[in-house]
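This report covers helix packing, the chain interface and salt bridges. Please read it alongside the model.

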Amino acid sequence: MIEQEHLIDLKNISKDFDGTTVLKNINLYVRKKEFVTLLGPSGCGKTTTLRIIGGFEYPSEGTVYFEGKDITNLPPYKRRVNTVFQKYALFPHLNVRDNIAFGLKIAKVPRDEINKRVDRMLDLVNLSGYGKRKVDQLSGGQQQRIAIARALVNEPEVLLLDEPLGALDLKLRKEMQLELKSMQQRLGITFIYVTHDQEEALTMSDTVVVMRDGHILQIGDPKRIYDEPANAFVADFIGESNIMRGIMVRDELVHFSGYDFPCVDSGFGEGVPVDVVVRPEDIMLVGEDIGQISGVVKSVLFKGVHYEMMIDVGETTLKVHSTVMQPQGSRVGINIVPYNIHIMKPMVKEASANV
Amino acid sequence: MYNMTLPWWGWAMMLVGLAAFIGMLIISIRRNHGVKRSLFASPYILWMILFTVVPVILIAYYAFTDANGVFTLNNFRNFWDSNYESNKVIMEAMGELGAAYISRGTVNVDTLVYSLWMAFKCTVICLLLGYPAALFMADRNMKLGSTLVVLFIIPMWMNFLLRTIAWMSLLEDNGLINNFLRWLGFEGVQLMYNSEAVLLGMIYNFLPFMVFPIYTVINKMDYRLSEAAADLGCNSWKTLYKVVMPLSVPGVISGITMVFMPSVTTFFIPRMLGGGNTMMFGDLIESKFLVEGNWNVGSALSLIMMVLILISLSILRKADPNGEGGGIA
């Protein structure tokens, strides 16, 4: 039944906490050596999913398979999985070396072997020479790397990471993202990574799982998630976007912002309401007369690489990213290339109200 | 009041003590927050001076003087040999021959040793009972945890004398337990008036002081540490042994201090549950003051007790240098 290449399989997983459902019928598989990221806003169930894989929570319904074997009720210490905890959870009564050696000592690995492996790990995370330090004498970034070393030294099949970079400053975060990714590729270990930072997810992952309110909204590689968001929520959550209500006039023609735009989507039917998503960087500003529509620049913000301009086109206000600044108050024309217009079915009930 | 006419050096001692206290106060004001903030502490400081500093100095004064207010070390000799006074009289009257008629009165030392032994037993048993209880109460998955905490606290709202007397009505020859046994057709048993009953009373009264410091430390421990241990291959026992226990040491030390100190100085419980068959150091001091009216020896015994407590505190402090247990140690 379970495909061989799947390392971990979650089948119909639901989880209740005191009557509140936090996971609703989750189905997810993770392949060997894959870097999977669970992405979503807080309270979406991503951490609970991770904790179910780690064995810290048991699902109310459903089954967890590891290499085809049911491990749903296996306690954490019997799983070939290690975790990097959100706030590291390093043992304050042990020094750096003993923290890293903890798992190996429990597994009764011979002392020489332990020393060798701990040294190798300290090297890997660039902290050789720190072995005798107390854990609380280290900076956040160093503690982070100790936490990773403490998990990796056990050579787990899967490494679970629960927002491991959340407490670090931006620059260190970016460095650690690259470091983690290269570590994962070098060691060939499966990573399951939880974050609410979409940029982090896109940078590091092979597969991104977008979650919301205990549901999985979309699974796919970063490019696909970004370019082909399954619905307006994913589009909004992954990167910045303009989301508008539109009407499908017919195949490959959609009406929004008072104009019929040619697009590449078809099969929605005629006169059907749809959600239209356009990325701010995909809107081209042209001369007033040659655009498909035109509008007035309401505000201009300098964002470093680009300018962010809000353009009032009458029915809606569009967010536009461009390296060329248009002065506030000026009239501009707007062009959108057909394949940059993403059309999706409107999200059901409460979901669409929030976006 | 008993001999309140201090000689000049008694007053001098008092003045030096007060001066030292006020000096330390001024230094701490300078170092810390300045005068304005420490102004708020003045009622407390006044209280301290009146009811802590002065009494301690007075105890020291009485301990080193005789009934006439003359400096002497005889009170401490009396601690070591309670027959000291009479032996001296015999030796003076009989000379060399008197040696056959004198003996060292060991009651004071024996009582101290007995008290320390009882306090030790009480502390060990409280630890053995209290640690699992604290663990149980601090368990995240235990929905009853907070209820248990309240159940532990409620008896502490009652006066400790009342609690002890309540035990009497349980253990008496005509108490609840014996009546129940007789109702079942058994012989009554002697439950009271022995050192086990005293120990029971002590444990009952002091157990919360062991449980709460440990509970507090375990409760505020990051539960993720236990999860991390489980993640790294520890089952529950190993997690307890490798992570929870080492990290709860400050609470244990605080608990030991808070049980051991009142245990050593226990009084009343031995009189009630021990029925005068056993005497602890606290009762001894009390009887010196209230029965014999010998304030000087009583003060000397108190001083010895204080020094012992200070020594044990400083030893315990070494094990918890940061005071993480939130205790007195």
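A salt bridge here is a side-chain nitrogen of Lys or Arg within 4 Å of a carboxyl oxygen of Asp or Glu. This is a predicted model: local features need pLDDT of at least 70, side-chain atom pairs count only at pLDDT 80 or more, and totals for chains, interfaces and linings use all residues. Residues are numbered from 1 along each chain as its sequence is written, chains are lettered from A and ligands numbered from 1 in the order in which they are written, and side-chain values use heavy atoms, with hydrogens and water left out.

**Salt bridges**

Side chains of opposite charge can pair when their charged atoms come close. By the rule above, the count over all chains is 24 salt bridges. Between chain A and chain B the count is one. The table gives two pairs.

| Side chains | Distance, N to O |
|---|---|
| A:Arg117 and A:Glu113 | 3.3 Å |
| B:Glu227 and A:Arg51 | 2.7 Å |

A:Arg117 and A:Glu113 both belong to helix 3 (residues 111-124) of chain A; they are four residues apart, so about one helical turn separates them. Helices (H or I, at least four residues) are DSSP runs, numbered from the N terminus.

**The chain interface**

Chain A and chain B bury about 1800 Å² between them, and 65% of this lies on carbon and sulfur atoms. Buried area is the accessible area (1.4 Å probe) that two parts lose on being put together, summed over both. On the chain A side, A:Tyr77, A:His93 and A:Ile106 lose the most area to chain B, together 31% of what that side buries. Chain A puts 21 residues into the contact and chain B 17 residues. Contact means heavy atoms within 4.5 Å.

**Helix packing in chain A**

Axes are lines fitted to C-alpha atoms, for helices over the stretch in contact; angles run from 0 to 180 degrees between N-to-C directions. Helix 2 (residues 96-106) of chain A packs on helix 4 (residues 140-152) of chain A at about 30 degrees, with the axes 7 Å apart. That makes the two helices roughly parallel. Angles under 35 degrees count as roughly parallel, over 145 as roughly antiparallel, 65 to 115 as roughly perpendicular and the rest as oblique. Helix 2 of chain A contributes A:Val96, A:Asn99 and A:Ile100, while helix 4 of chain A contributes A:Ile146, A:Ala149 and A:Arg150. By class, this contact has four nonpolar, one polar and one charged residues. Ala, Val, Leu, Ile, Met, Phe, Trp, Tyr, Cys and Pro count as nonpolar, Asp, Glu, Lys and Arg as charged, and the others, Gly among them, as polar.

**Helix packing in chain B**

The axes of helix 8 (residues 160-171) of chain B and helix 10 (residues 195-219) of chain B come within 10 Å and cross at roughly 135 degrees. These helices are therefore oblique to each other. Their contact includes B:Trp167 of helix 8 of chain B and B:Tyr204 of helix 10 of chain B. It has six nonpolar, two polar and one charged residues.

Helix 7 (residues 145-157) of chain B also comes within 10 Å of helix 10 of chain B, axis to axis, crossing at roughly 140 degrees. This pair is therefore oblique too. Among the residues in contact are B:Phe152 of helix 7 of chain B and B:Tyr204 of helix 10 of chain B. By class, there are twelve nonpolar, no polar and no charged residues.
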